[in-house]
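Visitor: I would like to learn how to read a pocket and a pair of packed helices. Please start with the pocket.

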Amino acid sequence: MAVIVATATAIADREELSALTMRRLSQELGVSTMTVYGYFANKDAILDAVMDSIMGDFVVPRLQAQSTPRSIFIDTAHSVYALLHEHPSVARLLTMRVNRSRSAVHAAFENVLARFVEAGMTETAAVQAYGAMMQYTIGFVLYQIPRGHGRFAAETGRDVVGSEYYQALGADEFPVMTAMADILPSLPERALYDAVITALADGLGLGFAADAAQRAS
């Protein structure tokens with residue numbers, strides 16, 4: 001069963017989810033389709049297993065003596081980004097279906113909320129922080145994929161969108177974008193992700209929450 005899930009994950013990470021079919025999976029494994037059906041009733045069951053395998057192993061960063069709500073939010077966001085960047089199939093799945101994998105929900109939802117509260121966030125702040133973190137991180141990874149950044153740069157068929165793309169638009173019709181042609185390629189870069197996550201932490205008032213927690217103690 002593990003080799004089926006690993007092969008399904010590899011297909012889904014490398015290509016679109018639509019490429020993952022029972023027939024394609026059996027071909028990759030060198031077995032009959034009925035053999036795959038002997039372990040999984042349908043594609044949905046395989047997708048649940050993929051979520052179990054990847055998100056079920058997610059580890060929330062530990063609290064350190066110097067941890068604050070702000071720092072634990074940023075550290076957790078970086079861990080989520082690393083997971084989704086390594087397995088874009090999960091980012092795609094999270095935009096298409098409700099995650100019904102109990103182990104994945106526990107590891108990457110329950111445990112994250114618990115850590116946020118443990119760090120000093122209120123329940124409302126923890127939910128808002130979780131939503132902001134997940135929605136931005138999922139969106140950012142999906143934005144990176146077709147633009148050939150990070151691990152996606154080496155994948156066949158990925159075109160890196162560089163300054164020449166924006167310059168080719170023409171200054172007559174796109175004067176602003178062509179003027180920014182040397183800056184716009186930074187949109188999918190990791191440095192921008194880190195900057196926005198830090199801004200989100202500040203925008204959510206997590207620094208102020210840390211100050212309040214310290215005063216209360």
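Guide: Helix 8 gives the most to the lining of the largest pocket, with 5 residues. Helices here are DSSP runs (H or I, at least four residues), numbered from the N terminus. This is a predicted model, where local features need pLDDT of at least 70, side-chain atom pairs count only at pLDDT 80 or more, and totals for chains, interfaces and linings use all residues. Residues are numbered from 1 along each chain as its sequence is written, and side-chain values use heavy atoms, with hydrogens and water left out.

Visitor: Which helices each supply at least two residues of the lining of the largest pocket?

Guide: Helix 7 (102-118) and helix 8 (123-144) do.

Visitor: How are two packed helices described?

Guide: By the angle between their axes and the distance between the axes. Axes are lines fitted to C-alpha atoms, for helices over the stretch in contact, and angles run from 0 to 180 degrees between N-to-C directions. Here helix 1 (residues 2-14) packs with helix 2 (residues 22-29) at about 115 degrees, and the axes are 10 Å apart. The two helices are therefore roughly perpendicular to each other (angles of 65 to 115 degrees count as such).

Visitor: Which residues of helix 1 and helix 2 meet?

Guide: Contact means heavy atoms within 4.5 Å. From helix 1, V3, I4, T7, A8, I11 and R14 meet R24, L25, E28 and L29 of helix 2. These contact residues divide into 6 nonpolar, 1 polar and 3 charged. Ala, Val, Leu, Ile, Met, Phe, Trp, Tyr, Cys and Pro count as nonpolar, Asp, Glu, Lys and Arg as charged, and the others, Gly among them, as polar.

How values were computed:
Angles under 35 degrees count as roughly parallel, over 145 as roughly antiparallel, 65 to 115 as roughly perpendicular and the rest as oblique.
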